[in-house]
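Please open the structure in the viewer and keep the selection panel at hand.

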Amino acid sequence: MTTDNNAPEPAISLRVPTSTLGAPVHALIAACPPLDPNSLYCNLLQCSHFANTSVAAFLGDQLVGFISGYIIPGQPDTLFVWQVAVHEKGRQQGLASRMLQHILARDVCRPVRFIETTITEDNAASWRLFLSFAEKMAAETHKSIKFDRQQHFAGRHDSEWLLRIGPFETVSH
């Protein structure tokens with residue numbers, strides 16, 4: 001795609017987030033329903049404490065994608081993907097899958113052989129992303145209730161299904 005002056009649009013770049021992205025990440029997540037908004041402080045922690053297992057995507061200087069994740073304590077072979085947010089300017093380009101690959105290719109993820117995430121039953125976009133990613137990785141998937149609507153959320157949030165992908169081979173480093 002080109003702009004009106006026929007100059008090519010800039011490519012989307014991926015990088016490790018920094019704490020200065022907390023507010024832009026907060027705004028991006030708010031613009032991507034049905035994602036649950038976190039506190040701005042939570043997004044600051046995602047961009048600092050969990051930066052090495054998260055990724056920010058930029059189109060020029062605009063944040064158009066973000067994945068937050070972390071290695072599960074006591075499970076060094078498992079990356080938990082907390083949230084995936086892609087702005088409409090980054091959609092239909094395979095960006096979310098590229099961001100997942102980008103995280104997995106980092107040295108910190110060398111021992112990772114599984115991805116876990118939770119998804120509400122009606123979040124079709126997330127199911128498509130993760131099931132497609134599992135297929136690309138030639139990995140099995142297992143689905144079970146992680147957080148029940150009544151038992152964990154007191155009826156205030158839909159049940160969250162745990163999707164476990166793996167084992168898969170290491171991603172090129």
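Begin with helix H2, residues 40-48 of this predicted model. Select its buried residues, which are Cys 42, Asn 43, Gln 46 and Cys 47. Viewed along the axis of H2, these residues fall within an arc of 135°, so they line one face of the helix. An α-helix has 3.6 residues a turn, so residues three or four places apart point the same way. Now display what covers this face: the covering elements include helix H1 (22-30), strand E3 (62-71) and strand E4 (78-86).

Remain here for the cysteines. Which cysteine sulfur is closest to that of Cys 42? The closest one belongs to Cys 47, at 9.5 Å, which is too far for a bond. Cys 42 is buried, with a relative accessible area of 15%. Across the whole structure, the search finds zero disulfides, the cut-off for a sulfur pair being 2.5 Å.

Next, switch to a cartoon view and select the strands. Seven of them form an open sheet of mixed pairing, in the order E1-E2-E3-E4-E5-E7-E6. At its edges are strand E1 (12-15) and strand E6 (141-147), each of which pairs on one side only. From one strand to the next, the twist averages 25°. Select E1 together with strand E2 (residues 55-59): the two pair in the antiparallel sense over four bridges. Within this pairing, Ser 13 stands opposite Phe 58 in E2.

Finally, display the aromatic side chains. How many aromatic pairs does a search of the whole structure find? It finds four. In one of them, the rings of Tyr 70 and Trp 82 have centres 6.4 Å apart and planes at 90°, so the pair is edge-to-face. This pair joins strand E3, which holds Tyr 70, to strand E4, which holds Trp 82, twelve residues apart. Both residues are partly exposed, Tyr 70 at 22% relative accessibility and Trp 82 at 31%. Phe 147 and Phe 153 form an edge-to-face pair, 6.4 Å centre to centre with 70° between the planes. Close the tour by selecting Phe 50, Tyr 70, Phe 80 and Trp 82, which ring pairs link into a cluster.

Note on methods: Residues are numbered from 1 along each chain as its sequence is written. This is a predicted model: local features need pLDDT of at least 70, side-chain atom pairs count only at pLDDT 80 or more; totals for chains, interfaces and linings use all residues. Side-chain values use heavy atoms; hydrogens and water are left out. Buried means under 20% relative accessible area, exposed over 50%, partly exposed in between (1.4 Å probe, protein chains only). The arc is that of the directions from the helix axis to the C-beta atoms. Contact means heavy atoms within 4.5 Å. Two strands pair if DSSP finds at least two bridges between them. Axes are lines fitted to C-alpha atoms, for helices over the stretch in contact, and angles run from 0 to 180 degrees between N-to-C directions. Rings of Phe, Tyr and Trp (its six-membered ring) pair if their centres lie within 6.5 Å; planes under 30 degrees apart count as stacked, over 60 as edge-to-face and the rest as tilted.
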